There are 2 protein chains.
Amino acid sequence: MAEPTDREACTPPQVVGLGLCTVDMVFVVPEAPRFSGLMHADAYLRQGGGPVPTALVALARLGIRTRFIGRVGDDPDGRFIGEELAAEGVDTSRLMIEPGSQSRVALVLVETQTGERGFTAREETCQPLLPTDLQPDDLAGARIVHLDDADPVSIQAARWARQAGQTVVFDGTWNHELLDEFLPWVDVPIVSEPFVAAWMPGATPQEVVRRLRGYGAHTAVYTLGSQGCVVATDDTITGFGAYALEAVDTTGAGDAFHGAFIYGLLQGWPITRIVDFAAATAALNCRGLGGRTALPHLAQVEAFLGQAGSLARYTLA
Amino acid sequence: MAEPTDREACTPPQVVGLGLCTVDMVFVVPEAPRFSGLMHADAYLRQGGGPVPTALVALARLGIRTRFIGRVGDDPDGRFIGEELAAEGVDTSRLMIEPGSQSRVALVLVETQTGERGFTAREETCQPLLPTDLQPDDLAGARIVHLDDADPVSIQAARWARQAGQTVVFDGTWNHELLDEFLPWVDVPIVSEPFVAAWMPGATPQEVVRRLRGYGAHTAVYTLGSQGCVVATDDTITGFGAYALEAVDTTGAGDAFHGAFIYGLLQGWPITRIVDFAAATAALNCRGLGGRTALPHLAQVEAFLGQAGSLARYTLA
């Protein structure tokens, strides 16, 4: 989309991500909209979304060079997605616009009192990324590749990343058919409750992270929202709490967690420090409406951790 | 907002309008959105709205030079309102941006099958236009001034217009408190059912247009949607039908009618030709989603009228 500047052309991104992107129209409303009359909204925000793009924005705010690879429609929403990422400093030179197609947009309703959320999506008509869209150069120089789906292009990207000695991080959400083919290439799977509900219904967190480790992952994470997360490394399984805080909107909390987790991996921190940092970033992001509004800068996370201290943790195995 | 080009600076607008402007987020959905789960939208459109701006876009499509005077918030929506009007050729040099404020945005839900519509507005925090915002030069050179509310700035504009020999057209919608002060300055009031429901509940169309003429209007119009309209001129009251057609979305039908009615006034046509032309423009505008998408060019209206012929009409007094 945007031409890289000389500096970007010479300095490869540290993290490259592939995946879905959307434009979210967030309306905070005291009652559900109906098909008649005039109602009132307390707040409104139009903002790009999608798990990987939002994680890359989290990384960009923390000072990391990132690139997003994806496809958008040939419409104002597609241009908005690219402009917003570029404004955050994410490299969008490999964001592809499909002529004549539409981008995915979503109406996000947030209930004023409870914060409950419902999504209404107008689906994209642009094609999903295909393996042929990807070139080895797209990932060159990165230390981490971040993926959101077990689809053919992600499998391609993960294989290339493994061959190049890059770390593959996976935000597990949708496609479950190709997981057996995909997971062996993943170094750090981070999965959430909707993923587990479809993949291993009724499983305990220990069973989930053990199974993920069984595919060869060196660190496996199961996030449980305000209940914290469970992390498996080597033969240790550790449970972590979460930072309590008055949330304005939990949209993007998971994506912020993934971005900050990747930040910690890049620093080579021990896992306990990585999880504290990721949980703090996610908590801070809940202070603003929308998935990206309150993504913190590094100093804000450090200040928060300086006050809040380490998360409670407990050994599970 | 935009600097006028030399041509614009030398050639005044033929029509100047003042009033409310919004950004509409239109979602066509088979079911009302809820606060949980993932639902589907059949179509989506983000488009500027508001009675006067949309009427000015209708006029611009018909080849008329127009200017919009209004105030928007200091946000992406305010910029979008200005850019979209400018792209249509509407002069936005007097569109004011209020620092630190928000524009009005509206979620418009359209039911897929029935076309029923519900509105959820996030209100603007920018101030309404005030008489002190208006300068005599703002209206200079125009032949028609188009207003949407009986508020102090509209009264100011209507007085100046009358003094300058300009024709004042009024799209009656909201404020009823200052009508007695405002209506004496209006040459062509065009009111609709919601206006009448508040102003003269239970009145017949004849009573409505007679009362409007009583304030001094030379032509008074009461629009009744798909039922047509009733028009009073001199001592004649005439009812007109409407053009039947498969409507995609009736949003903006009234605004299109007003714009096209003003076009006919500029041409000096007889009232029957003006009403046919306005009804045809409104009908054509219902063929697209959103208030402005299907606003026709002059040749399209003429082609439609060549096929459809004159509206049915009947004398009421």
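This is a predicted model: local features need pLDDT of at least 70, side-chain atom pairs count only at pLDDT 80 or more; totals for chains, interfaces and linings use all residues.
A:Met39 stands opposite B:Thr120 in strand β8(B).

The strands concerned are part of an open, five-stranded sheet with mixed pairing, ordered β3(A)-β8(B)-β7(B)-β2(B)-β4(B). At its edges stand β3 (38–40) of chain A and β4 (43–49) of chain B; each has a single partner strand, so one side of each is left without a neighbour in the sheet. From one strand to the next, the twist averages 25°.

Helix α3 of chain B, residues 76–87, packs on this sheet and touches β2, β4 and β7 (104–111) of chain B. The direction of helix α3 makes about 80° with that of β4(B). Within the sheet, β2 of chain B (residues 22–29) pairs with β4(B) in the antiparallel sense over seven bridges. B:Val26 has B:Leu45 in β4(B) as its bridge partner.

**The sheet ending in β3(B)**

A further open sheet of five strands, also with mixed pairing, has the order β4(A)-β2(A)-β7(A)-β8(A)-β3(B). Its edges are β4 (43–49) of chain A and β3 of chain B, each with a single partner strand, so one side of each is left without a neighbour in the sheet. The twist here averages 25° from one strand to the next. Strand β8 of chain A, residues 117–122, pairs with β3(B) in the parallel sense over three bridges, and A:Thr120 stands opposite B:Met39 in β3(B).

| Strand pair | Sense | Bridges |
|---|---|---|
| β8(A) and β3(B) | parallel | three |
| β2(B) and β4(B) | antiparallel | seven |

**The contact between the chains**

The contact takes 33 residues from chain A and 33 residues from chain B. Together the chains bury about 2800 Å² between them, with 66% of it on carbon and sulfur atoms. On the side of chain B, the residues that lose the most area to chain A are B:Phe35, B:Tyr44 and B:Thr120, together 26% of what that side buries.

How many salt bridges are counted between chain B and chain A? The count is zero, whereas 12 residue pairs are in polar contact, both residues being at pLDDT 80 or more. In chain B, the strands β2, β3 (38–40), β4, β7 and β8 (117–122) each supply at least two residues of the side that touches chain A. The residues of that side divide into 18 nonpolar, five polar and 10 charged.

How values were computed. Residues are numbered from 1 along each chain as its sequence is written. Chains are lettered from A and ligands numbered from 1 in the order in which they are written. Side-chain values use heavy atoms; hydrogens and water are left out. Two strands pair if DSSP finds at least two bridges between them. Helices (H or I, at least four residues) and strands (E, at least two) are DSSP runs, numbered from the N terminus. Axes are lines fitted to C-alpha atoms, for helices over the stretch in contact, and angles run from 0 to 180 degrees between N-to-C directions. Contact means heavy atoms within 4.5 Å. Buried area is the accessible area (1.4 Å probe) that two parts lose on being put together, summed over both. A salt bridge is a side-chain nitrogen of Lys or Arg within 4 Å of a carboxyl oxygen of Asp or Glu. A polar contact is a pair of N or O atoms within 3.5 Å; within protein, one must be able to donate a hydrogen and the other to accept it, and residues adjacent in sequence count only if both atoms are side-chain atoms. Ala, Val, Leu, Ile, Met, Phe, Trp, Tyr, Cys and Pro count as nonpolar, Asp, Glu, Lys and Arg as charged, and the others, Gly among them, as polar.
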